[in-house]
Amino acid sequence: MVLQARNKHREAAPKPPQPSRASQSPLRGAPDAGAGEPGPERALQSPGRKGAASRKGPRAEPAAPPSRGGLGGRLAAWLRGALGLRRAGRGRTWTTLLLAAFAALLHWSHITHLFENDRHFSHLSTLEREMAFRTEMGLYYSYFKTIVEAPSFLNGVWMIMNDKLTEYPLVINTLKRFNLYPEVILASWYRIYTKVMDLIGIQTKICWTVTRGEGLSPIESCEGLGDPACFYVAVIFILNGLMMALFFIYGTYLSGSRLGGLVTVLCFFFNHGECTRVMWTPPLRESFSYPFLVLQMLLVTHILRATKLYRGSLIALCISNVFFMLPWQFAQFVLLTQIASLFTVHVVGYIDICKLRKIIYIHMVSLALCFVLMFGNSMLLTSYYASSLVIIWGILAAKPHFLKINVSELSLWVIQGCFWLFGTVMLKYLTSKIFGIADDAHIGNLLTSKFFSYKDFDTLLYTCAAEFDFMEKETPLRYTKTLLLPVVLVVFLAIVRKIISDMWGVLTKQQTHIRKHQFDHGELVYHALQLLAYTVLGILIMRLKLFLTPHMCVMASLICSRQLFGWLFCKVHPGAVVFAVLAAMSIQGSANLQTQWNIVGEFSNLPQEELIEWIKYSTKPDAVFAGAMPTMASVKLSALRPIVNHPHYEDAGLRARTKIVYSMYSRKAAEEVKRELIKLQVNYYILEESWCVRRSKPGCSMPEIWDVEDPANAGKPPLCSLLVQDSQPHFTTVFQNSVYKVLEVIEE
């Protein structure tokens, strides 16, 4: 590598730490849950977010004979079959692929531009880039860094599978616990890329000297794919760019028109801040996982519509399931809603038992593969998703017996639904008891707190964070301004009208019988039910609207469907309707895009930079740290020191550790807290005074949360406030700046 020196003047004034632009919460370190990794990371952005101060589609026909034009020809042949195009439409197929590629390029450019504008990432030093990956983002990136810097790839994988730094003094398999396959794959690609480029003599990065002004020391900033952080982020943005190509193909296939693909893509862009946050928080699990959910749902749609199932479609579904589940612990909850929707579609007669049984088998196989690849992660086997698969398989096996029950059709539907619901809950309860698994118990408690007055320490850490609160009241209004909500409601009502028309004849018959007729267009009913499921998730937990909004964009493509609106298109040209709708959408949509483009900022966190530098040069390499979860992730990533707690909140043991660490913000006696920290072998505690006083809403400051958990000490002054004034005699202050105060634990 050729090192070049060049001065780039950057904003001179030192800036205070710039928090993520998520809805602010006193609990910036709120844990990262299976329900979506809580924490201070940026929540889904609204169009009004402020920047930094400084910167009826035709049914599928039999597939055409395979093309002899190589891989591209075979892909085009498959797409022609999938989109229901005849061989004569080869040119149209290639047009669809080119438009999809253009959509991918456009989205890649958009999110890359937003990320660079927000962070000025290309001009940051290595330490600043690592600090920019706050909370669990930094935790995930640290394992990529470990593998990249290891003597060999296999040595790096062994290190993360025998990790001694993350939950000191425990040795844990982080690949099993933290869904780290994306980091393993990207690290292997990075090592291969750099070795090949070095071998052929191509420079992979250029380094500059960047002056920061006002007495701050210059830093070295490297650009290019040879820089690990730049490589890591670039691959994520490429993957999410390709996701937009899938959305175009998805909308085209579902609606039967390329206009539908156009509607889906434009709706996504017009509501971009509500659809994704990859441009603000690239390392989150959803950034790797969600694109494969889009592919998975496209394949499910194809399977539901196809008159004949081919092995290739089922294998592709299995692979997409695995790629969706491996990177993200929350994927199982999404697939649970899909299985429930498909089961409902079958019960009311839109898909036959043979097709559903094959889909269930594929889900079972993919779940088993993930269980093996995750080294026997028991949370997968004891999940509601796994229990639901077993119960549905049992109901399908017993279907002949259900049909012999002398009840009406509606009663039979209710019976099967009750068997599924109560059977899933009971099997989940039994398997959790048998395997002794309580790692996902906080998810049930979180949902309970949404409907009842239940509160505990873990639940309050979630519900006090804005991204885990109920959906904002402004969100439906933002959907309405871009006309996304009105269009989706029109489509949904059209599907409901079709369902009522189909069901009326069945439900009005008094006699019981085995109905032989199979209703058409089950994929439309499935999408309507999936929309309802995502709506419930999005309303209960604001962060989960990242599933709802993109699905609404897909549903909007059905405004072009002749199956639903053929009566209208007989009178008005479809293009006229679609472009009129898009023109109206673009009024607010273009304003939303302009708001995103106007976000200009620059990452700076001098207090944390001082803290990390002090730790690196003033403490022993084996010194053990405890503190707020976001800060601990940075300590592990940049200072390479052992920590006792971290932001990944999916383990019952880790939750217990964090509760002990956070007792520093309770009203307990200092001696009691010190005694528990010594049991964890903590040498230094990083105290942040702001955690003592800030709160997002009443009852959400750390002392108030502890009042719920520890009412016996309610009314006493918070320990953190006392230690800020005087850390003696149980602790010694060894470092302090405007944000952080490091306390050394005095062992007796």
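Tutor: The structure holds 22 salt bridges, and the model in which they occur is a predicted one.

Student: What makes Arg543 and Glu286 a salt bridge?

Tutor: The closest N and O atoms of Arg543 and Glu286 are 3.5 Å apart, and a salt bridge requires a side-chain nitrogen of Lys or Arg within 4 Å of a carboxyl oxygen of Asp or Glu, so the pair qualifies. The two residues belong to distant parts of the chain, 257 residues apart, with Arg543 in the loop between H23 and helix H24 and Glu286 in helix H11.

Student: Why are Arg543 and Glu286 called buried?

Tutor: Buried means under 20% relative accessible area; Arg543 is at 1% and Glu286 at 7%, so both names are given the label buried.

Student: How do you know that Lys545 and Glu472 meet in a salt bridge?

Tutor: Their N to O distance is 3.8 Å, and the cut-off is 4 Å, so the pair is counted as a salt bridge. Lys545 lies in helix H24, whereas Glu472 lies in the loop between helix H20 and helix H21, so the pair ties together parts that are 73 residues apart in sequence. Both residues also belong to a network of salt bridges that includes Glu274 and Arg478.

Student: Why is Lys545 called buried, and why is Glu472 called partly exposed?

Tutor: Lys545 has 0% relative accessibility, which is under 20% and therefore buried. Glu472 has a relative accessible area of 26%, which falls between the 20% limit for buried and the 50% limit for exposed, so Glu472 is partly exposed.

Student: What makes Lys668 buried and Glu672 partly exposed?

Tutor: These residues form a salt bridge with closest N and O atoms 3.8 Å apart. Lys668 is at 19%, under the 20% limit, and therefore counts as buried; Glu672 is at 31%, between the two limits, and so is partly exposed.

Student: Why does Ile192 count as exposed?

Tutor: Exposed means over 50%, and Ile192, at 53% relative accessibility, therefore counts as exposed.

Technical notes: Residues are numbered from 1 along each chain as its sequence is written. This is a predicted model: local features need pLDDT of at least 70, side-chain atom pairs count only at pLDDT 80 or more; totals for chains, interfaces and linings use all residues. Side-chain values use heavy atoms; hydrogens and water are left out. Buried means under 20% relative accessible area, exposed over 50%, partly exposed in between (1.4 Å probe, protein chains only). Helices (H or I, at least four residues) and strands (E, at least two) are DSSP runs, numbered from the N terminus.
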